[in-house]
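Dear colleague,

I am passing on the structure below, with some notes on what I found when going through it. Please read the notes with the model open beside you.

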Amino acid sequence: VGNGCAYTSSRTAEVTFQVADKHKTEEQLKLIEEVMQEQGAQNPTRRQGHGRCTEIRCRGKNLVATWQKFKTPHCPPNLEIVKGWGTKAVAAFLAGWFDADGYFGEDAWKLANTHPKTRAEVKELFSRLGFVTSEHGIEVRVCSFQKKMFEDVIGPFSFKKFAKGSHKTSE
């Protein structure tokens, strides 16, 4: 999320996103703010970030505990909370994951994860959005025949690799 950069601080009870200026849109910034307000943030604020980016600072009593669950080293992420989100929020979550750690090729788009439970949950999230997925080793793949659907459903929420719905191969 936020071009792959999200920070948490227990000391200040905040979660901060760095969104690259080159790829941001007002719609994406508003979406982050709306989702974070749904998660309990009070009045997310924007300011110039570190480098060429916009920072969105979100403060709230339970935000850090929720977001730390996604950062725990060497443990599978807890996607139970994501399963309870609305369709747009799930699409935005998957777009952020693709931006940070996905691969886009001509024949498939894939996310890799070493935890079988996480792969199963990612497949479940994609299925909820209407996608057919396949699993190859540690990868969850969305096949090329769904390219247009991927552009329409996931693309609008992408910050980097699939920005503004136009396909760009991962470097």
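A pocket here is an open set of points on a 1 Å grid over the protein atoms alone, where a 1.4 Å probe fits, with protein on both sides within 12 Å along at least five of seven lines, and its lining residues have an atom within 4 Å of a point. This is a predicted model, in which local features need pLDDT of at least 70 and side-chain atom pairs count only at pLDDT 80 or more, whereas totals for chains, interfaces and linings use all residues. Residues are numbered from 1 along each chain as its sequence is written, and side-chain values use heavy atoms, with hydrogens and water left out.

The second largest pocket has a volume of about 160 Å³, a volume being the space filled by probe spheres set on the points, which are joined across faces, edges and corners. Its lining consists of Glu-27, Lys-30, Leu-31, Glu-34, Val-35, Glu-38, Gly-86, Lys-88, Ala-89 and Phe-157. By class, the lining has four nonpolar, one polar and five charged residues, where Ala, Val, Leu, Ile, Met, Phe, Trp, Tyr, Cys and Pro count as nonpolar, Asp, Glu, Lys and Arg as charged, and the others, Gly among them, as polar.

Turning to the strands, Asn-43 belongs to strand E3 (residues 42-48) and has a phi near 50°, a positive value in a residue other than glycine. Asn-43 counts as exposed because its relative accessibility is 62%, with buried meaning under 20% relative accessible area, exposed over 50% and partly exposed in between (1.4 Å probe, protein chains only).

For the cysteines, Cys-58 is buried, at 0% relative accessibility, while Cys-143 is partly exposed, with a relative accessible area of 27%. The structure holds zero disulfides, a disulfide being a pair of cysteine sulfur atoms within 2.5 Å.

Finally, Gln-146 sits in the loop between strand E8 (139-143) and helix H6 (147-153), and counts as buried because its relative accessibility is 4%. Leaving aside neighbours within four places in sequence, Gln-146 is in contact (heavy atoms within 4.5 Å) with Trp-109, Gly-130, Phe-131 and Val-132. The C-alpha atoms of Gln-146 and Trp-109, 37 residues apart along the chain, are separated by 9.8 Å.

Key. Helix = DSSP H or I, 4+ residues; strand = E, 2+ residues; numbered from the N terminus.
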